[in-house]
Amino acid sequence: MLQRFLYIEQSLIPAIFNFVLNGAIAWLITKNLNAMPFLGNPSIVGDTLVTAFLLPFITSLIVTPLVLSKGRKGGFDQFPLNEIAALPTVRFSSAWGRGCYTGLLAMLAAVPILGVLSLLNIEAMTIPQFLWFKAGFAGLLAAVVTFWIGKWAVIQATNERLASQ
């Protein structure tokens with residue numbers, strides 16, 4: 001039950017949603033361009049780093065309160081407590097703290113991806129290439145960060161519920 005919640009609701013669904021959403025965003029920001037340059041304004045580097053920070057940050061602001069609310073209402077009571085207790089946690093209990101933490105980690109993770117593009121001498125991407133790149137990057141990023149943000153919120157909600165009993 002916990003695995004389904006984390007892998008489907010907190011990973012697969014956000015990945016699909018963010019793939020589509022960020023593909024649409026990429027289309028909007030490039031509709032008047034012939035190509036997306038690697039550097040400049042706008043650029044592949046700038047867009048990737050902004051997406052890497054904002055996607056986890058906004059996700060945390062949305063997911064943390066929703067999961068905490070579900071947990072406070074007993075939504076995780078069916079999950080085995082030993083499964084939840086075994087999950088790694090993070091020190092930040094606020095959605096803002098988690099969002100900044102995961103956003104900064106995601107930015108650091110994006111640097112090697114941009115490094116590979118630089119090593120491949122990618123000076124620009126065609127608009128279709130950039131749409132697929134941005135959508136794919138955002139989808140994969142959402143799958144990973146939403147999973148962890150959801151996991152940390154489940155732990156927090158469970159701990160709060162146990163403390164109040």
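The model is predicted, so local features need pLDDT of at least 70 and side-chain atom pairs pLDDT 80 or more, while totals for chains, interfaces and linings use all residues. Residues are numbered from 1 along each chain as its sequence is written, and side-chain values use heavy atoms, without hydrogens and water.

Show the whole chain. There are 5 helices and 2 strands, taken as DSSP runs (helices H or I, at least four residues; strands E, at least two) and numbered from the N terminus. Their pattern along the sequence is α-β-α-α-α-β-α. Of the 165 residues, 44% are buried (under 20% relative accessible area, 1.4 Å probe, protein chains only).

Select residues 44–72, helix H2. Its 29 residues should span 42 Å at 1.5 Å a residue, and the end C-alpha atoms are 41 Å apart, which agrees; the expected span is 1.5 Å times one less than the number of residues. At the start of H2, a side-chain oxygen of Ser43 comes to within 2.9 Å of the backbone nitrogen of Gly46. Centre on Ser60 for a kink of about 30 degrees, the angle between axes fitted to the seven residues ending there and the seven starting there. After H2 comes Gly74, with a positive phi near 85 degrees.

Next, select Pro14, Phe17, Asn18, Thr59 and Ile62, which lie nearest the centre of the largest pocket among its 25 lining residues. Helix H1 (2–30), H2 and helix H5 (127–164) each give two or more residues to this lining, and H2 gives the most, with 12. A pocket is an open set of points on a 1 Å grid over the protein atoms alone, where a 1.4 Å probe fits, with protein on both sides within 12 Å along at least five of seven lines; lining residues have an atom within 4 Å of a point.

Terms used. Polar contact = N/O pair within 3.5 Å; in protein donor to acceptor, adjacent residues only side chain to side chain. Buried < 20%, exposed > 50% of the residue type's maximum accessible area, 1.4 Å probe, protein only.
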